[in-house]
Amino acid sequence: MTGVLLGFGVVAVLAALGFATSVMLPAEAGSIRRGLTPVVYYLTNPALMLVLVAGTDLGAVLGVYTPVALAAAVAAGALYVLLSGLVLRRGAARTAVGAMASSYVNAGNIGLPIAVYAVGSPAPVVSVLLAQLLVVAPAYLLVFSWVTRPSRRGGRGGPAPAGGSSAARTILRSVANPVTVGTALGVVVSTTGVTLPDVLWIPLEMLGEASIPLLLLLFGMSLHGQRPFRNRTLVPDVIGGTLVKVVAMPALAWAVGRFGFGLGGTELLGVVVMAALPTAQNVFLFSSQFRMPANAARDIIFLSSFLSFPAVLLTGLLLD
């Protein structure tokens, strides 16, 4: 219990420090974020993923963790589809965006420090990244493409979705990002057993160690100044999607992991904590690129970012 509380305390303090920085240094906060974001995105985060994945048991990840993460994502998305279609009576486009926002977690950023400090293993993060990059994201993008095809938007005269080449470039940048590259290199090192010389490995470890505190500072800073619920008609969508994300999805992950795969202890804690993470920013990027109704996704990202911390903490207290 002490280890879990310490891990969440470290995460909360650094995120709060980032938020306080934006409040107390409003003139400098923008420059700090613009300077740190590319450093984390292109250097420290990929280095951390390479180092962590290189020491991960990929057999255990692919055999257990990834199927649980995939099953939880599918179940959460299906639950939102039922809510949106049967209760809220929303159309296909709004339902598709809400389903992705309810089931696509921010594993690459906020998930990393939580897994490392609270769970003690990068395996849950790797499992979620593999499930999302290989299955979940491509599936939703196919749905977005189908929903926005001209025949569903008023025939030849209806507005077309984003240009094919532009959409393809956006998808490629989102899927083949530096975190994915670092993860892939870590997989190569892990599976081949290659040992890098210390003159290369030590700098990678140093860069990776800088990633988590910087990520949490940036996460806390990003929460300041947000203005959710600008469109009052979307409040039911946002609340419903957020509840599915931070309440139903962790419960589904617990059920699948506990009864479907017989997980317990730290392993079960890892998959449930990952399911309780907030919605990833990529959902807003994807839906905007396909000219889907993205306002609800933006608000779900914001609200789940606040509520995921108590959800993750409660998960740790119950399962520790």
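**Close-up 1. Nonpolar surface patch in the predicted model.** In this predicted model, a nonpolar patch on the surface is formed by Phe-19, Val-23, Met-24, Leu-25, Phe-306 and Leu-307. Together these residues present about 530 Å² of accessible area. Helices α1 (2-24) and α13 (295-319) each contribute at least two residues to the patch. The most is given by α1, which supplies three residues.

**Close-up 2. Phe-306 within the nonpolar patch.** Phe-306, one of the residues that form the nonpolar patch, is located in helix α13. Its relative accessibility is 37%. Phe-306 therefore counts as partly exposed, because this class lies between the limits of 20% and 50% relative accessible area.

**Close-up 3. Salt bridge between Asp-237 and Arg-90.** The structure holds two salt bridges. In one of them, the side chains of Asp-237 and Arg-90 meet at 2.7 Å, N to O. The pair links distant parts of the chain, with the two residues 147 residues apart. Asp-237 lies in helix α10 (residues 235-260), whereas Arg-90 lies in the loop between α3 (58-88) and α4 (92-101). Asp-237 has 0% relative accessibility and so counts as buried. Arg-90, at 23% relative accessibility, counts as partly exposed.

**Close-up 4. Salt bridge between Asp-299 and Arg-298.** Here the side chains of Asp-299 and Arg-298 meet in a salt bridge, at 3.4 Å from N to O. Asp-299 is buried, with a relative accessible area of 3%. Arg-298 is partly exposed, and its relative accessible area is 25%.

Definitions and conventions: Residues numbered from 1 in each chain as written. Predicted model: local features only at pLDDT ≥ 70, side-chain atom pairs only at ≥ 80, totals over all residues. Heavy atoms only, no water. Salt bridge = Lys/Arg side-chain N within 4 Å of Asp/Glu carboxyl O. Helix = DSSP H or I, 4+ residues; strand = E, 2+ residues; numbered from the N terminus. Buried < 20%, exposed > 50% of the residue type's maximum accessible area, 1.4 Å probe, protein only. Patch = residues over 30% accessible without salt bridge, like charges linked within 9 Å, V, L, I, M, F, W, Y side chains within 5 Å. Areas by Shrake-Rupley, 256 points an atom, 1.4 Å probe, with all protein chains shown as cover.
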